[in-house]
Amino acid sequence: MGVSVREYARRRGVSHTAVRKAVQTGRIPQEPHGTIDPVKADAAWDSQTDPARKAAAPPPSMPSPTPKPSSSPSLQRETVPPLPSTSGATFNQARTAHEVAKAQKARIQVDRLKEEVVDRARATALVFKLARQERDSWITWPARVAGQMAAEIGIDPHVMQTLLEAHVHAHLDELAAIEPNFR
């Protein structure tokens, strides 16, 4: 059986305006005939309220908002399931996600200060520059060593340089076809 908005506010230890606002925003359910089921409303109120903003305890003149468990074992096992949230996440879940994101951001900032984080654009540019220097070194290599190699085996230096350049270019083309796997 439900109670009026004012009666629920008195039991909860809040103003009737706060209860009306909670009903209007969907934080607590209201029965079709306008009353409020205290058990359902308490469960919804508790699951969707910031724990830091909750009152420490209701004033001593107010009765406790939740019923005291009875000594009967059969009644102690019976619990009220939490109401599903309309947005898909309770306030506590959203708050937890927010706090985790803040912690991750703070960790990244600390890592940057310690210079343990690598700037992706700079790393990519550096790898590109190093790969370009290595490729250029290989392209000029046949011209530097063809004369010495040709003299050692007794062939024309131009023929040796042409053969070396052809094989180096073929090998560089094979290397260029390799797709990097970053995972």
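In which helix do E7 and R10 both lie, and how many residues apart are they? In this predicted model, both residues belong to helix α1 (residues 5-12), where they stand three residues apart, about one turn of the helix. Their side chains form a salt bridge in which the closest N and O atoms are 2.6 Å apart, and the pair is part of a network of salt bridges that links E7, R10 and R11. E7 counts as partly exposed because its relative accessibility is 23%, and R10, at 39%, is likewise classed as partly exposed.

The structure holds eight salt bridges, including one between the side chains of R95 and E99, with an N to O distance of 3.6 Å. R95 and E99 are four residues apart in helix α5 (residues 91-113) and are therefore separated by about one helical turn. The relative accessibility is 33% for R95, which counts as partly exposed, and 35% for E99, which also counts as partly exposed. A salt bridge also joins E31 and K40, at 3.9 Å from N to O; E31 is partly exposed at 23% relative accessibility, as is K40 with a relative accessible area of 35%.

Helix α6 (residues 120-153) packs with helix α7 (residues 157-177) at an angle of about 145°, the axes being 8 Å apart, and the crossing of the two helices is right-handed. Among the residues making this contact are W138, W141 and M149 of α6, together with M160, L164 and L172 of α7. By residue class, the contact of α6 with α7 comprises 15 nonpolar, three polar and two charged residues.

Methods: Residues numbered from 1 in each chain as written. Predicted model: local features only at pLDDT ≥ 70, side-chain atom pairs only at ≥ 80, totals over all residues. Heavy atoms only, no water. Axes fitted to C-alpha atoms, helices over the stretch in contact; angles between N-to-C directions. Left-handed = near helix turned anticlockwise from the far one by under 90°. Contact = heavy atoms within 4.5 Å. Nonpolar A, V, L, I, M, F, W, Y, C, P; charged D, E, K, R; others polar. Salt bridge = Lys/Arg side-chain N within 4 Å of Asp/Glu carboxyl O. Buried < 20%, exposed > 50% of the residue type's maximum accessible area, 1.4 Å probe, protein only.
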